[in-house]
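Have a look at it first, then read on.

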Amino acid sequence: MRNIVVLTGAGISAESGIETFRGAGGLWEGHAVEDVATPEAFARDPGLVHQFYNLRRQQLLAGIEPNPAHVALARLEREFDGEVLVVTQNIDDLHERGGSENVIHMHGELLKSRCVSCGEVSECRHDLTVASECPRCHAVGTPRPHVVWFGEIPLRLPEIERALIAADLFIAVGTSGRVYPAAGFVRLARAHEARTIEINLEETGPGGAFQESRRGRAGEILPDLVGSILARDA
Ligand code: NAD
């Protein structure tokens, strides 16, 4: 076995204290997604959207820490004698803080902003407002959160697809399997003969997409799974 791809979703960060999205009755921290996570919402009320992401950013920077599931994936990358890629739908930086280096944020990153005028992506650890200035082109009001909203195209998809085609093992952790294209990754990996495992608290769909399903908390299941993959690899 040479190539492992791990897809993570909001469930892997839940044990760190970040609320999942589907878990809360279809609301994300009390908001309907169409009010805060779509290009239309930003066009209609940029102040509200900035405020929503400012709160998420403040929360992330104030005491949220990676949990044993993030740490286990970093150990897998470090100790596995092959390639490990984490593809995350999460916009937090908990994989990086847990020690993972080979990470693709397909839905962007909360700690970055992007200028809608010149396209510059910058580190962003502060609040954004409608009066924020782009550090490169100095336009005012143009920086937006560097996150992929519903209706926008996820980042680095060709690279992700190549990795899925080459994968021997595909693991999905804490993702509801309802947001496409990520929800279709298991089929692509399986079509190219990867073994597929899912870790989730609950049943995620009609079943059958994954060869193996492990029910429970990612922070408890993933360290054991990583241990057994590394033991077999040794
Ligand atoms: P989701 O909220 O739709 O689903 C979360 C899944 O995780 C559920 O199936 C739930 O059963 C499972 N889960 C919850 N706690 C778990 C645990 N401790 N261990 C294992 N599984 C657990 O999340 P999604 O599939 O990632 O899609 C939601 C979208 O919202 C994504 O596009 C993402 O960008 C965004 N989002 C991101 C964050 C974040 O960055 N941390 C948080 C909320 C939403």
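## Around H70

H70 touches I12, S13, S16, L94, H95, G98 and S100, leaving out residues up to four places away in sequence; contact here means heavy atoms within 4.5 Å. H70 sits in helix 5, where helices are DSSP runs of H or I with at least four residues, strands are E runs of at least two, and both are numbered from the N terminus. H70 counts as buried because its relative accessibility is 0%. The scale is simple: buried is under 20% relative accessible area, exposed is over 50%, and partly exposed falls in between, using a 1.4 Å probe and protein chains only.

A quick word on what you're looking at: this is a predicted model, with local features needing pLDDT of at least 70 and side-chain atom pairs counting only at pLDDT 80 or more, while totals for chains, interfaces and linings use all residues. Residues are numbered from 1 along each chain as its sequence is written, and side-chain values use heavy atoms, with hydrogens and water left out.

In soluble globular proteins, nonpolar side chains tend to be buried together. Here the largest nonpolar core has 23 residues, and those with the most contacts inside it are I4, L76, I171, V173, L222 and I229. The elements giving two or more residues to this core are strand 1 (3-8), helix 5 (68-79), strand 4 (83-88), strand 9 (169-173), strand 10 (195-200) and helix 9 (218-233). Helix 9 gives the most, with seven residues. For the record, a nonpolar core is a set of buried Ala, Val, Leu, Ile, Met, Phe, Trp, Tyr and Cys residues joined through side-chain atoms within 4.5 Å.

Take L76 as a way in. Setting aside neighbours within four places in sequence, L76 is in contact with I4, V84, V226, I229 and L230.

## Strand 4 and its partners

Strand 4 is mostly covered, with five of its six residues buried. Strand 4 runs parallel to strand 1, and six bridges join the two; strands count as paired if DSSP finds at least two bridges between them. I4 stands opposite V84 in strand 4.

Strand 4 also pairs with strand 5 (residues 103-105), in the parallel sense and over three bridges. V87 has I104 in strand 5 as its bridge partner.

## Two pockets

Rolling a probe the size of a water molecule over the atoms shows where empty space is left. The largest pocket has a volume of about 1,000 Å³. Of the 49 residues lining this pocket, G9, A10, G11, T20 and F21 lie nearest its centre. Helix 1 (10-14), helix 4 (46-61) and strand 10 each supply at least two lining residues. The lining divides into 22 nonpolar, 16 polar and eleven charged residues. Ala, Val, Leu, Ile, Met, Phe, Trp, Tyr, Cys and Pro count as nonpolar, Asp, Glu, Lys and Arg as charged, and the others, Gly among them, as polar.

The second largest pocket has a volume of about 360 Å³. It is lined by 25 residues, of which G177, E198, T204, A209 and F210 are closest to its centre. Strand 10 gives the largest share of this lining, three residues. As for how pockets are found: on a 1 Å grid over the protein atoms alone, a pocket is an open set of points where a 1.4 Å probe fits, with protein on both sides within 12 Å along at least five of seven lines, and lining residues have an atom within 4 Å of a point. Points are joined across faces, edges and corners, and the volume is the space filled by probe spheres set on them.

Most residues other than glycine have a negative phi, and most peptide bonds are trans. The bond from Y180 to P181 is cis, with omega near 5°, and P181 lies in the loop between strand 9 and helix 8. H138 has a positive phi, near 65°. R156, also not a glycine, has a positive phi of about 55°.

## Where the ends meet

Which residue is 7.8 Å from M1 in space, C-alpha to C-alpha, yet 232 residues apart in sequence? That is D233, which is in helix 9. Beyond its neighbours within four places in sequence, D233 is in contact with M1, R2, E79, F80 and D81.
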